[in-house]
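Student: I am new to this structure. Could you take me through the terms used for it, one value at a time?

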Amino acid sequence: MVNVTTERIDGVLSADVEGRIDGSNVVQFEEAVRTAIEDSDRAVIMDFEKLVYISSAGLRAILLTAKSLQNRDAKLLLCSLSDRIREVFEISGFDKILPIHATKADALDSLNN
Amino acid sequence: MRREIRSGDYEFVFAGNGIEALAKLREHKDIDMVLSDINMPEMDGLTLLEQIPSVDPNVRSVVVSAYGDMKNIRTAMNRGAFDFVTKPIDFDDLRITITRTLETIELWRSALESRDKLVVLENELSLANRMQQSILPTSFPESDSYQVFASMEAARDVGGDFFDLLPIEGGRVGLAVADVSGKGIPAAMFMMSSRTLLRGAAIGQSDPSKILREVNQLLCENNDTAMFVTLFLGIFDPETGEFVYANGGHNPPVIFRADGTPSLLPTTDGIALGIFPDIIFQENSITLAPGDTAILYSDGVTEAENVEGEQFELDRLYEVFAEAPPRDARTATDDVLKAVNAFADGAPQFDDITCLTLRRGGGAE
C-alpha cells in the first residue's frame with residue numbers, strides 16, 4: 001500500500017508518501033507522482049515521514065523522477081526520512097545523489113535561498 | 001425484445017437444424033449465443049449441444065423445450081446448455097434470458113482476456129526467474145584453507161539478486177553479491193549484463209575498486225531506463241587471508257571472528273552502479289584470521305519482515321551466531337536463511353534473499 005498526498009506550496013509540489021514502495025506498487029507510485037507533477041513546478045519535495053519501506057524498485061522510481069525533473073532544470077528533494085529509510089539511502093549511495101533534508105520546512109528554505 | 005432487435009443490438013443467424021447450425025457457427029465466428037429447439041430434423045438440439053464446443057468453446061447455448069419436459073431439459077443442461085426457455089415462449093422471459101446470457105459471455109470474455117494477460121505475465125516472470133537462477137554458480141570452493149557457499153531464495157515477483165565467484169590472478173577469488181533494481185525481464189536482462197561486465201572487468205584486473213569503476217562505466221552507457229545495481233565485491237587471498245573490497249551501494253558484509261565477535265565491514269564510499277559515470281570507488285581491506293567468517297548478503301535478509309511488519313535487521317543476523325561462531329560456510333549460509341524464514345514465519349517475501357559465506361579454514365575446528 002502506498003499513498004501519495006500532494007499540495008502545492010509556492011510553485012513547489014509537496015508529496016507526502018505514506019506506506020511502502022516495493023515491486024508490487026511501484027507502478028502505482030510512479031503514476032501518482034507523474035500525474036501530480038505539473039510543468040510549472042520548479043521543485044518536488046517528497047516527504048518520507050510516513051514511508052516505512054522502500055525497495056530497490058522504489059529507489060529506481062525516485063531516480064527516474066529526479067532525472068525527468070533535472071531534464072527541465074527542476075529539482076527533487078527528500079525530507080523527514082526515518083532512520084530505517086535513511087539507512088537505505090545511505091547504503092545505496094543515493095544520499096549522495098539527492099538532497100535530503102530533516103524537515104519539509106528545511107527543504108523549502110533551501111529552495112528559497 | 002423487438003426493440004432490441006430493431007435497434008440492431010442483436011443480430012440473428014438462422015439455421016434449420018443442428019447440422020446447418022454448426023455450419024453457420026463455423027461461418028460466423030462472432031456468434032456468441034445459440035438458441036435452439038430440441039426436436040429438429042437431421043441433427044437434434046441435444047446432439048448439437050455436444051458438437052458446439054468443438055466449433056467454438058465460448059459459445060453459450062439456450063435450449064427451447066416443451067413445458068415440463070424435465071428429462072430433455074436435464075440432458076441439455078448436462079450437455080452444457082447455459083439456460084432453457086419453455087414453450088409457449090414468453091417473450092419477456094426470452095429477452096431476460098438472452099440479456100443475461102450475453103452479459104455472462106461478456107464477463108467470460110473479459111475473464112479470458114485477463115487470464116491470457118496473466119499467463120503472459122507469469123511466463124515472463126518465470127522466464128526471468130529461470131534466467132536469474134541460471135547465472136548463479138552451483139559449485140563452491142571447499143578446501144582446508146577456505147570455503148565458500150552461497151544461496152539465493154527468489155521472491156515470487158522480484159528478480160534482482162545475484163552472486164558470483166570470480167577467479168582472480170594469484171590464486172585469489174573474487175566474491176560478489178549484487179541486487180538489481182526492479183523486476184521481471186528488464187531486471188533480469190540488466191542482471192545478465194551486470195554479471196557479464198563484472199566477469200569481463202575481472203579478467204586481468206585485481207583491484208576491486210577498478211573493477212567496479214569499469215562495470216559502472218559500461219552500465220552507465222545507454223542506460224535510459226535508470227536501472228541500477230548495488231554490488232559488493234571482495235577479493236580474498238587464501239594464502240594470506242587478506243580480503244580487499246569495494247562497495248557499489250550494497251549492504252556491508254558482516255565479519256564473525258573465530259571467537260564469535262561480530263562486526264560490520266568498515267564502509268567504503270560508493271554509489272549503486274549504472275547511475276553516474278566516472279565514479280571513483282574507495283577500496284579497503286581486512287585480514288581474515290583462521291576461523292574467521294565473512295557473511296555477504298542482500299537487503300532481502302536484513303529487510304525481511306514478519307507479520308507484525310518488523311524487519312529482520314542486523315541484530316538478528318548477529319544473533320544467529322550468538323551461541324557459536326560459524327563452523328563451515330554451507331551450514332552458516334543455511335543457518336542464516338533458516339533464521340530469516342523462521343522470523344518471517346509465512347509473512348510475504350518482498351525481495352530476493354541472498355547469503356554468501358566465506359570462511360577461512362583452520363583455527364577452532
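Tutor: The model is predicted: local features need pLDDT of at least 70, side-chain atom pairs count only at pLDDT 80 or more, and totals for chains, interfaces and linings use all residues. Residues are numbered from 1 along each chain as its sequence is written, chains are lettered from A and ligands numbered from 1 in the order in which they are written, and side-chain values use heavy atoms, with hydrogens and water left out.

Student: What makes Phe89(A) and Phe94(A) an edge-to-face pair?

Tutor: Rings of Phe, Tyr and Trp (its six-membered ring) pair if their centres lie within 6.5 Å; planes under 30 degrees apart are stacked, over 60 edge-to-face, and the rest tilted. Here the centres are 6.3 Å apart and the planes stand at 80°, so the pair is edge-to-face.

Student: How do you know whether Phe89(A) is buried or exposed?

Tutor: Buried means under 20% relative accessible area, exposed over 50%, and partly exposed in between (1.4 Å probe, protein chains only). Phe89(A) has 0% relative accessibility, so it counts as buried. Phe94(A) is also at 0%, and therefore buried.

Student: What makes the charged end of Arg60(B) sit over the ring of Trp108(B)?

Tutor: The rule asks for NZ of Lys or CZ of Arg within 6 Å of the ring centre and within 35 degrees of the ring normal. The charged end of Arg60(B) is 5.1 Å from the centre of the Trp108(B) ring, and it counts as sitting over that ring.

Student: What tells you that Ser14(A) is buried, and what polar contact does its side chain make?

Tutor: Ser14(A) has a relative accessible area of 1%, so it is buried. It lies in strand E2 (residues 12–21) of chain A. Strands (E, at least two residues) and helices (H or I, at least four) are DSSP runs, numbered from the N terminus. A polar contact is a pair of N or O atoms within 3.5 Å; within protein, one must be able to donate a hydrogen and the other to accept it, and residues adjacent in sequence count only if both atoms are side-chain atoms. The side chains of Ser14(A) and Lys104(A) make one at 2.9 Å.

Student: Why is Asp73(A) called exposed?

Tutor: Its relative accessible area is 76%, so Asp73(A) is exposed. Asp73(A) lies in the loop between helix H2 (56–70) and strand E5 (75–79) of chain A. Its phi is near 60°, a positive value in a residue other than glycine.

Student: And what makes Asp345(B) exposed?

Tutor: Asp345(B) is at 60% relative accessibility, so it counts as exposed. It has a positive phi of about 50°, although it is not a glycine. Its loop runs between helix H10 (329–344) and strand E13 (353–360) of chain B.

Student: How do you know that E5(B) pairs with strand E6 of chain B?

Tutor: Two strands pair if DSSP finds at least two bridges between them. E5(B) and E6 (residues 172–180) are joined by 8 bridges and run antiparallel. Phe163(B) has Val177(B) as its bridge partner in E6(B), and Leu165(B) stands opposite Leu175(B).

Student: What sheet holds E5 of chain B, and why is E5(B) called largely enclosed?

Tutor: The open sheet has 5 strands in the order E5-E6-E7-E8-E11 (chain B), with antiparallel pairing. Its edge strands are E5 (161–168) and E11 (284–287), each pairing on one side only. In E5(B), 7 of the 8 residues are buried, so the strand is largely enclosed by the rest of the structure.
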